[in-house]
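Some words used for protein structures rest on a number and a cut-off.

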Amino acid sequence: MLKPARMRKAVIIGLKTHQSRALSILHDLGAVQIEPISKSTASLVKTGAGAESLKRVSDELLRVRSLKGSLPARAVRERRYFASLDELFSECDKLKIDEPVRTAIREREELQTKLFELDKKADIASKLGFLDVDLAVFSLKSASSFYGEAKAQVYDRFASDVKVEVDNCILYAYPAGDVTRFVAVVPNPSLEKFGSVLQKHSLKPEALPAFHGRPDEIAASLKHERAQIEERLALVRSSLESISDGYFALLTTLEEQLSIEARKLDVMNNLGYTENVFVIEGWVPQYRLVDLRERLSRLTGATTFVYA
């Protein structure tokens with residue numbers, strides 16, 4: 001049966017010149033449950049030393065994650081190490097890909113939206129072959145045109161109600177198996193009554209796009225337009241791939257290092273400090289005290305001490 005380890009309240013005191021190194025050691029060991037400075041200690045020291053740096057790290061972390069998330073993923077085999085926070089910030093400042101990435105992402109979204117709209121138009125146009133006319137005749141200022149589908153029996157009831165209740169509404173219908181395709185041209189003053197009839201029969205037609213040309217001509221035009229958009233979209237994706245090739249590994253390293261620094265700086269808000277000394281209070285498993293003392297002393301030049 002597992003038993004919880006005995007914990008000891010500990011105070012860690014060291015020179016501020018080795019504070020960053022000491023925090024790295026504590027992070028790597030994961031041996032200290034750091035607590036806010038006690039009231040008795042707080043009366044002797046200052047607190048909140050890392051607030052300004054934490055804001056900068058948080059801002060850069062958000063930026064780096066956004067850039068990384070916008071790029072195609074790449075395998076990362078090597079990691080860089082930054083010796084100090086200043087060096088890390090300096091590398092972040094050298095990143096000049098924000099605008100190219102933002103521009104490419106915006107254009108990609110616009111192109112994808114255009115493709116979606118084109119596909120909707122193409123789908124409607126493909127179903128209007130029964131109207132061998134220039135579909136521009138349905139683009140009217142005085143009326144609104146709709147395309148819809150309904151089961152044959154539902155359409156029959158719907159058409160009867162439209163004839164009685166909606167003044168001057170014109171319906172063009174085409175039976176396609178057990179479904180009837182239809183175009184409705186509704187004078188603008190009659191739109192409210194038309195909407196009521198649609199609701200009665202649970203029909204939801206779409207507004208007919210502003211087409212120009214016969215259905216087969218429209219289909220060919222939309223196909224050509226789609227090919228052009230896909231060509232441009234391929235170039236945009238290629239530019240993002242190229243940026244990712246050059247920067248994804250660096251962004252991954254920066255994200256990892258900034259995440260670590262953010263945790264360390266968050267801890268710093270719980271530290272006490274004077275002009276030359278930092279103070280940490282927390283709980284340490286008793287069996288790890290010896291190792292903790294030895295590592296902090298050895299790796300900070302015997303300037304950091306653990307009292308428990």
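Q: In this predicted model, what is the order of the strands in the open sheet, and is the pairing parallel or antiparallel?
A: The sheet has 4 strands in the order β5-β6-β4-β7, and their pairing is antiparallel.

Q: What makes β5 and β7 edge strands?
A: Strands β5 (170-176) and β7 (206-207) each pair on one side only.

Q: How do you know that the span of α6 agrees with its number of residues?
A: Helix α6 (residues 152-165) has 14 residues, and at 1.5 Å a residue they should span 20 Å. The end C-alpha atoms of α6 are 20 Å apart, so the two values agree.

Q: Which residues of α6 are buried, and what puts them on the same side of the helix?
A: The buried residues are Y155, F158, A159, D161 and V162. They lie on the same side of α6 because they cover an arc of only 165° around the axis. In general, an α-helix has 3.6 residues a turn, so residues three or four places apart point the same way.

Q: What covers the buried residues of α6, and which exposed residues are on the face turned away?
A: The cover includes β4, β5, β6 and α7. The face turned away from the buried side carries the exposed residues Q153, K163 and V164.

Q: Why is T252 called buried?
A: T252, in helix α8 (residues 215-268), has a relative accessible area of 6%. Buried means under 20%, so T252 is buried. Beyond its neighbours within four places in sequence, T252 is in contact with K68, V76 and R79.

Q: How does the radius of gyration of the protein chain stand against that of a compact globule, and what are the spans of its C-alpha trace?
A: A compact globule of 308 residues would have a radius of gyration near 19 Å, but the protein chain has 34 Å. Along its principal axes, the C-alpha trace spans about 95 × 45 × 40 Å. Of the 308 residues, 38% count as buried.

Notes:
Residues numbered from 1 in each chain as written. Predicted model: local features only at pLDDT ≥ 70, side-chain atom pairs only at ≥ 80, totals over all residues. Heavy atoms only, no water. Pairing = 2+ DSSP bridges. Helix = DSSP H or I, 4+ residues; strand = E, 2+ residues; numbered from the N terminus. Expected span 1.5 Å × (residues − 1). Buried < 20%, exposed > 50% of the residue type's maximum accessible area, 1.4 Å probe, protein only. Arc of directions from axis to C-beta. Contact = heavy atoms within 4.5 Å. Rg over C-alpha atoms; globule rule 2.2 N^0.38 Å.
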